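This briefing is for a reader who is meeting the structure for the first time. Please look at the sequence and the model together, and then follow the points below by topic.

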Amino acid sequence: MTLGDIIVISALVMIVALIIRGMIRDKKQGKCSGCSGCSDCSSCSGCAACQHACNGCPGAK
């Protein structure tokens, strides 16, 4: 493995870690985390299709 490979792998791992951290933070704040986050929430139409950002689903479980 070369130094370039290590740098690329490290960058990818960091990006994945940041995405997971953001999803966990959004979940704790009650926001939707991903396209299916509001699929069963009647007050949040359109989130399941990712047409717009969801500001949180008060009726979601």
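Among contacts in the chain between residues at least 6 apart in sequence, 19% join residues that are at least 24 apart. The model is a predicted one, and its secondary structure comes to 1 helix and 0 strands.

**The chain as a whole**
- The chain has 61 residues, of which 15% count as buried.
- The accessible surface of the chain comes to about 4800 Å², and 64% of that surface belongs to carbon and sulfur atoms.

**Helix α1**
- Helix α1 covers residues 3-28, and its 26 residues reach 37 Å from the first C-alpha to the last, which is close to the 38 Å expected at 1.5 Å a residue.
- Just after α1 comes G30, a residue that takes a positive phi of about 85°.

- An α-helix has 3.6 residues a turn, so residues three or four places apart point the same way.

**S10 and its contact**
- S10 also has its place in helix α1, where a polar atom of its side chain lies 2.7 Å from the backbone oxygen of I6.
- Why is S10 described as partly exposed? S10 has a relative accessible area of 41%, and partly exposed is the term for values between the 20% under which a residue is buried and the 50% over which a residue is exposed.

Key
Residues numbered from 1 in each chain as written. Predicted model: local features only at pLDDT ≥ 70, side-chain atom pairs only at ≥ 80, totals over all residues. Heavy atoms only, no water. Helix = DSSP H or I, 4+ residues; strand = E, 2+ residues; numbered from the N terminus. Buried < 20%, exposed > 50% of the residue type's maximum accessible area, 1.4 Å probe, protein only. Contact = heavy atoms within 4.5 Å. Areas by Shrake-Rupley, 256 points an atom, 1.4 Å probe, with all protein chains shown as cover. Expected span 1.5 Å × (residues − 1). Polar contact = N/O pair within 3.5 Å; in protein donor to acceptor, adjacent residues only side chain to side chain.
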